[in-house]
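Good morning, and thank you for coming. Please keep the sequence and the structure in view as I speak.

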Amino acid sequence: MTNLTRRGVLAAAAAAAAAPFVAGSAAQAHPNQPKTWDLTLLGTSDTHGNVYNWDYYRDAEYDDSAHNDVGLAKVATVVNGIRAERRGKATLVLDAGDTIQGTPLATYYAKQEPITTTHERHPMARAMNVIRYDAVTLGNHEFNYGLPLLDLWIRQLGFPALAANAVNARSGRPAFTPYVIKKVDLGRGAPNLRVGILGLTNPGVAIWDRANVEGKLRFEDMVATAAKYVPEMRRRGADIVLISAHGGDSGTSSYGPELPNENPSALIAAQVPGIDAILFGHAHNDIPQRFVTNTATGAQVLLSEPSKWGQRVTRMDFTLTRERGCWQITTKAATTINTNAYAADPVVLAAVKEQHNTTVAYVNQAVATSTQELSAAESRYRDTPILDYINKVQTDTVAAALAGGQYAALPVLSIAAPFSRTALFPAGQVKIKDVAGLYIYDNTLEAVVLSGAEVRAYLEYSAKYFVTLAPGAPADPASISDPAVPDYNYDTMSGVEYDIDISKPVGQRITRLVHPGTDTPVGAAEQFVVAVNNYRRSGGGNFPGIVKTQVYNAQQEIRQLLIDWAQAKGAIDPADFFSLNWRLVREGTPVFP
């Protein structure tokens with residue numbers, strides 16, 4: 001391989017030694033054995049705007065506790081090396097979605113200098129075109145910035161963007177390319193192999209980006225859509241069928257039953273005949289190889305998920321023979337390759353260098369001065385000023401917008417989730433990157449009216465985030481939360497005071513819910529305006545009572561509101577917004593005094 005670090009050479013050698021044997025192209029170990037050819041599929045997913053191995057929030061090279069690296073520049077080196085290794089043989093490269101959202105780089109070219117205004121090529125289009133992908137599936141985050149930006153990004157790609165189950169809401173016809181059938185040259189005089197590639201996006205788009213797609217697009221069941229198109233692809237001559245699916249393999253959903261399953265990749269493999277392999281994403285897991293038995297045919301369907309952010313590249317290897325004029329897969333196997341063993345590809349870096357530098361300069365602009373260091377490290381289990389900063393800005397924005405109107409007399413509550421455990425406002429100069437590191441999603445601010453009973457139900461649902469711990473049992477912050485509930489699906493609330501008793505069963509944990517500074521309980525029939533982000537208000541996380549008509553929705557991005565508030569004030573001082581209004585307890589005793 002080219003551009004390998006020394007660590008990469010060792011890792012590549014180890015991987016080659018451990019990899020399953022794949023017969024050489026047209027190899028014949030014995031005169032009576034049939035000729036074999038091979039196909040390799042390389043796959044990524046959930047790259048989320050990562051090109052450089054760079055953490056824009058820290059303004060430093062990316063690193064984590066496992067020493068993962070990120071970015072398409074590293075992916076490119078893996079892909080180029082395997083293509084060189086397999087010169088003269090067939091290699092396909094696919095992506096399973098969530099591509100154009102997730103870093104300040106992606107946000108900058110959607111918000112600050114949107115490509116829909118400048119018509120500049122999107123950095124993820126630049127990088128992916130250099131790598132020469134064969135197809136990409138649309139993930140749910142592709143819809144975050146609206147359909148015009150998505151459509152332009154698709155036109156900037158040098159390969160198809162697939163989403164078979166996204167249909168025009170009026171006509172019912174596919175809104176995007178459902179699938180492609182590629183003629184692949186296997187070399188050594190073999191007939192072309194016709195590879196069908198079906199793309200499936202996530203039905204949760206209908207909830208998470210309702211404002212962008214409602215009345216325009218409908219998102220159909222991924223399993224049913226595969227059952228519709230796989231036979232069609234076979235009839236049209238596909239010798240093998242691959243699916244690129246933006247949906248995990250757990251079979252569960254983060255929302256209720258009103259939409260099709262969010263993570264159905266294993267169900268697709270089990271229920272739809274005629275599929276050879278599935279590259280999947282969405283769940284951000286590293287699943288090198290999984291086989292699922294199709295219940296109708298008994299065939300073993302190969303699945304793989306390549307983690308996130310370009311940290312892994314899936315490699316699937318297929319051995320094929322010709323029998324009576326038809327292609328047959330005789331063996332298949334998969335693994336994932338850790339990109340941290342590879343140098344960044346200089347061509348990809350050069351293609352995005354100017355945009356990367358522009359983004360770095362932007363996020364390093366100072367917005368205010370903080371009177372003290374504010375950290376989010378404890379925000380999951382302790383009321384912290386940095387999360388109250390979010391709630392203060394949201395409360396002020398909604399209250400000002402509703403002043404003098406129908407809801408002006410109602411108290412304004414606000415909810416915020418601990419999106420990042422590493423966010424930090426340093427004492428002194430606070431930069432855009434610090435604010436972006438606290439609020440890492442491109443959510444907009446909305447508000448709805450909830451009753452006191454609905455507020456309690458909301459907090460009870462949020463409190464399921466914590467494990468149950470008996471009074472006196474050791475309480476470790478590292479294991480205080482249920483690993484099945486992500487941090488972004490746990491909300492804290494300002495404007496009321498409450499205790500969460502984690503010694504009690506889920507649903508019975510809000511033991512104290514009172515008006516601020518009093519012992520007056522919140523009445524079940526009382527009315528409150530609640531400031532909330534669009535993801536949650538649209539049903540993300542399946543919180544109760546929150547999916548209702550907004551009383552405020554100015555389509556203002558919360559991250560920008562945080563920046564604007566800091567710039568207007570000039571100082572970030574906890575005395576202006578911090579109120580210790582909630583705590584974890586066991587039988588009334590604080591868990592973390």
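This is a predicted model: local features need pLDDT of at least 70, side-chain atom pairs count only at pLDDT 80 or more; totals for chains, interfaces and linings use all residues.

**Helices, cores and aromatic rings**

Let me begin with helix H6, which is mostly covered, with seven of its ten residues buried. Those buried residues are Leu-147, Leu-149, Leu-150, Leu-152, Trp-153, Ile-154 and Gln-156.

Setting aside neighbours within four places in sequence, Thr-107 is in contact with Gln-112, Tyr-145, Asp-442 and Arg-559. Gly-251, by contrast, is 144 residues from Thr-107 along the chain, and the C-alpha atoms of these two residues are separated by 31 Å.

I turn now to how helices cross. Two packed helices are described by the angle between their axes and the distance between the axes. For H3 and H11, the axes come within 9 Å and cross at roughly 85 degrees. An angle from 65 to 115 degrees counts as roughly perpendicular, and H3 is therefore roughly perpendicular to H11. On the H3 side, the residues that meet H11 are Pro-104, Leu-105, Tyr-108, Tyr-109 and Gln-112. Their counterparts in H11 are Val-352, Gln-355, His-356, Thr-358, Thr-359, Tyr-362 and Val-363.

Another crossing involves helix H12, residues 385-402, and H16, which pack at an angle of about 90 degrees with their axes 10 Å apart. H12 and H16 are therefore roughly perpendicular to each other. From H12, the contact draws on Tyr-389, Ile-390, Lys-392, Val-393, Gln-394, Asp-396 and Thr-397. From H16 come Ile-558, Leu-561, Leu-562, Trp-565 and Ala-566.

Which residues touch the most other members of the largest nonpolar core? Among its 89 residues, they are Phe-143, Trp-153 and Tyr-389. Leaving out residues up to four places away in sequence, Tyr-389 touches Phe-425, Leu-438, Leu-562, Trp-565, Ala-566, Ile-572 and Phe-577. Apart from this core lies another, of 32 residues, which includes Tyr-381, Phe-466, Val-485 and Ile-510.

Leu-72 is a further example of a covered residue. Its place is in helix H2, residues 72-85. With a relative accessible area of 0%, Leu-72 is buried. Beyond residues up to four places away, Leu-72 touches Thr-47, Asn-50, Val-51, Met-124, Ala-127, Met-128, Ile-131, Tyr-133 and Val-348. Val-348 is 276 residues from Leu-72 in sequence, yet the two lie 7.6 Å apart in space, C-alpha to C-alpha.

Finally, the aromatic rings. How many aromatic pairs does a search of the whole structure find? The search finds 26. In one of them, Tyr-458 and Phe-543 form a tilted pair, 4.7 Å centre to centre with 40 degrees between the planes. This pair links distant parts of the chain, 85 residues apart: Tyr-458 is in helix H14 (residues 452-462), and Phe-543 is in the loop between helix H15 (534-537) and helix H16 (558-569). Tyr-458 counts as buried because its relative accessibility is 1%, and Phe-543 counts as buried at 4%.

Tyr-498 and Trp-582 form a stacked pair, with 6.3 Å between centres and 15 degrees between the planes. Here too distant parts of the chain are linked, 84 residues apart, with Tyr-498 in strand S24 (residues 497-501) and Trp-582 in strand S28 (residues 582-586). Both Tyr-498 and Trp-582 are buried.

There is also an aromatic cluster formed by Trp-208, Tyr-255, Phe-419, Tyr-439, Tyr-441, Tyr-488 and Tyr-535. Two lysines complete the account of the rings. Lys-308 lies over the face of Trp-309, at 4.2 Å from the ring centre. The charged end of Lys-464 sits over the ring of Tyr-461, 4.7 Å from its centre.

Key
Residues are numbered from 1 along each chain as its sequence is written. Side-chain values use heavy atoms; hydrogens and water are left out. A nonpolar core is a set of buried Ala, Val, Leu, Ile, Met, Phe, Trp, Tyr and Cys residues joined through side-chain atoms within 4.5 Å. Buried means under 20% relative accessible area, exposed over 50%, partly exposed in between (1.4 Å probe, protein chains only). Contact means heavy atoms within 4.5 Å. Rings of Phe, Tyr and Trp (its six-membered ring) pair if their centres lie within 6.5 Å; planes under 30 degrees apart count as stacked, over 60 as edge-to-face and the rest as tilted. Helices (H or I, at least four residues) and strands (E, at least two) are DSSP runs, numbered from the N terminus. A charge sits over a ring if NZ of Lys or CZ of Arg is within 6 Å of the ring centre and within 35 degrees of the ring normal. Axes are lines fitted to C-alpha atoms, for helices over the stretch in contact, and angles run from 0 to 180 degrees between N-to-C directions. Angles under 35 degrees count as roughly parallel, over 145 as roughly antiparallel, 65 to 115 as roughly perpendicular and the rest as oblique.
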